[in-house]
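Biologist: I've got a model open and I'd like to learn how to read its helix packing and its core. Can you walk me through it?

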Amino acid sequence: MATPQNSGYLQSSDPTKPRSDAAVPFRDIIPSATHPRIAGIADHDALSWCESRRQIEAPAWLINRLDGKNLEKPYKGFTTDGIVREGLYQYADDEGAPTEEVMSRTEDLLNILTPEQKKAVQFGDVIDDEFRLWSNPELYMNPGGLRLDEHTPEIQTAIHAILKASSSKQGYEKILGCCLTNDFLGHLVNGKKVLNEHSYNFRLFGTPSLTKPWGYTFFGHHLCLAVVFLGKKMVIGPTFMGAEPDRIDEGPHAGLRLFRTEELESLKLMQGLPKELQEKATLSKGMDGKSLPADRWNPFDERHLGGARQDNRVVPFEGCPVSEFPADAQQRIINLYLAFNEYYPDAVMKHRLALFKKYLNETYFSWIGEFGDDDPYYYRIHSPVAFMELDFHCGIFLTNTTPARCHIHTTNRLPNRGDYGRVLLGQ
């Protein structure tokens, strides 16, 4: 099936150039109840909604692409040229990972599950292909594990205790923020049975241990985490975090805004670069499929390259070497790395940051779009050990047909087989 040219949900009254100022007016682009983007969603659950989307050519293309049968096999890893560069990742014997605490919270979960629920949540090993079977749309095409909104508040709380124990304080707040913003989207479009705080799947791989590898995946709309433990070491990645809209403006969570640092720090970085470096970093001023190569855009990923079913993707270094940046701009790159990776517990983050800095002189920064205060854009930070993207998108539920600052996707990968802890497990 050919790559579709749009999401398949458009109608003639959709705005082609929505306002996109610093306080994105997402309420101007909320669809009516009869809009094809959301028509009938109130009557669907996640499974039936996915089935209804199969009847529309463009989302059917996406569902097929994300189906488990199309998982990349064998796993090779995300590289610049198809060849894995060895010897990049070095893990200390003890990096301060909170393994015992996460083990304890996992046992708490298992202790409240029925035999059937235990069977549903427990998968094979972290090196099994199913560990890589995650996806970020609301489309529920690969059921399995514990779907939180199908289970009790006690089980939901127990799973979130695992997430919280695995993360820094600010990292868990961002994870929870993605869940709450998804719930807010469900409220906006009257689709809470499809889009809610608990429309995520949790899968456990291996047996919690201080001596053997194990981990879990947690994934659903705009939030996907793959977490591996080995002793007092851990890897989180790949990850996907996003939001549509990027903030909540009413109710008990009013004022919550996601990805503020990733958005504003990057814009200050680009605006502050010398003109010749801005030009060197810019891959394209245009952001649509007509401005970019065919393999660099589709109506769902748009410009980002590190999402689901991209485990073996080849992406060369592009843009401007960070080594050419002035010192203050290099520090902004480091600040962005910290923001993208803030889910790591503080002790582990020290090791991750040291590795990123080690390869700072081999890091590239690239940009797509303009960089005025009101402009949508895409950027990428890419090194032998890091691949981070932020992309402003057209609406999937909101009605904007050009990228706007209220729909954000971020991806975070560990090139050269750092993803899924593969290098860690091989050491």
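Predicted model: local features only at pLDDT ≥ 70, side-chain atom pairs only at ≥ 80, totals over all residues.

Biologist: How do I describe two packed helices?

Modeller: You use the angle between their axes and the distance between the axes. Take helix 3 (residues 99–112) and helix 5 (residues 153–166): their axes are 8 Å apart, at an angle of about 170 degrees. Over 145 degrees counts as roughly antiparallel, so that is what helix 3 is to helix 5.

Biologist: What about helix 7 and helix 9?

Modeller: Helix 7 (residues 260–272) and helix 9 (residues 327–340) cross at roughly 165 degrees, and their axes come within 10 Å. They are therefore roughly antiparallel too, and the crossing is left-handed. Among the residues meeting there are E262, E265 and L269 from helix 7, and R332, I333 and L336 from helix 9. Here the contact residues comprise six nonpolar, three polar and four charged.

Biologist: And the core: which residues touch the most other members?

Modeller: In the largest nonpolar core, with 79 residues, those are F202, F325 and F365. Looking past neighbours within four places in sequence, F202 contacts L109, I159 and I162, among others. There is also a second, separate core of 39 residues, with L139, V194, A226 and L398 among them.

Conventions
Residues numbered from 1 in each chain as written. Heavy atoms only, no water. Axes fitted to C-alpha atoms, helices over the stretch in contact; angles between N-to-C directions. Helix = DSSP H or I, 4+ residues; strand = E, 2+ residues; numbered from the N terminus. Parallel < 35°, antiparallel > 145°, perpendicular 65-115°, else oblique. Left-handed = near helix turned anticlockwise from the far one by under 90°. Contact = heavy atoms within 4.5 Å. Nonpolar A, V, L, I, M, F, W, Y, C, P; charged D, E, K, R; others polar. Core = buried A, V, L, I, M, F, W, Y, C linked by side-chain atoms within 4.5 Å. Buried < 20%, exposed > 50% of the residue type's maximum accessible area, 1.4 Å probe, protein only.
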